[in-house]
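Below are my notes on this model, as numbered points. Please read them alongside the sequence and coordinates.

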Amino acid sequence: QVQLVESGGGLVQAGGSLRLSCAASGRTFTMGWFRQAPGKAREFVAAITWGGGNTYYADSVKGRFAITIDNAKNTMYLQMNSLKPEDTAVYYCAAALVLRRDYGMDYWGKGTLVTVSS
């Protein structure tokens, strides 16, 4: 069982930046971020494979968000720039033992709230 703990959420104005962190208790093959806005289904944001060799992004965040991983610290990051009010959501860290075509994950964090004011 892998434990995931997110941090870094908060309130930011539109156009601002935030960096989310996710500390993992063990090694997995894929890690990613998902988000769920009020009244909406959870959606994929970004994913990265161990070692950082491959990254994947939702179209809505390409060019604004960057996912990275520090293997030595078992920690993944999501740098979010040019934030928009529609980025407001609870952001969840997730991890998987394999890379699945639909980014299905095996482990989930409890989430951290990101609020972008207009």
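1. The protein chain has 11 strands and zero helices; helices (H or I, at least four residues) and strands (E, at least two) are DSSP runs, numbered from the N terminus. This is a predicted model, in which local features need pLDDT of at least 70 and side-chain atom pairs count only at pLDDT 80 or more, while totals for chains, interfaces and linings use all residues. Residues are numbered from 1 along each chain as its sequence is written, and side-chain values use heavy atoms, with hydrogens and water left out.

2. On overall dimensions, the radius of gyration of the protein chain is 13 Å, which agrees with the value near 13 Å for a compact globule of 118 residues. That radius is taken over C-alpha atoms, and the globule rule is 2.2 Å times the number of residues to the power 0.38. Along the principal axes, the C-alpha atoms fill a box of roughly 40 × 25 × 25 Å.

3. Of the 118 residues in the protein chain, 45% are buried (under 20% relative accessible area; exposed is over 50%, partly exposed in between; 1.4 Å probe, protein chains only). Among contacts (heavy atoms within 4.5 Å) between residues at least 6 apart in sequence, 54% join residues at least 24 apart.

4. V5 lies in strand β1, residues 4-7. V5 is exposed, because its relative accessible area is 53%. Apart from neighbours within four places in sequence, V5 is in contact with S21, C22 and A23. V5 and T112 are 107 residues apart in sequence, yet 9.1 Å apart in space, C-alpha to C-alpha.
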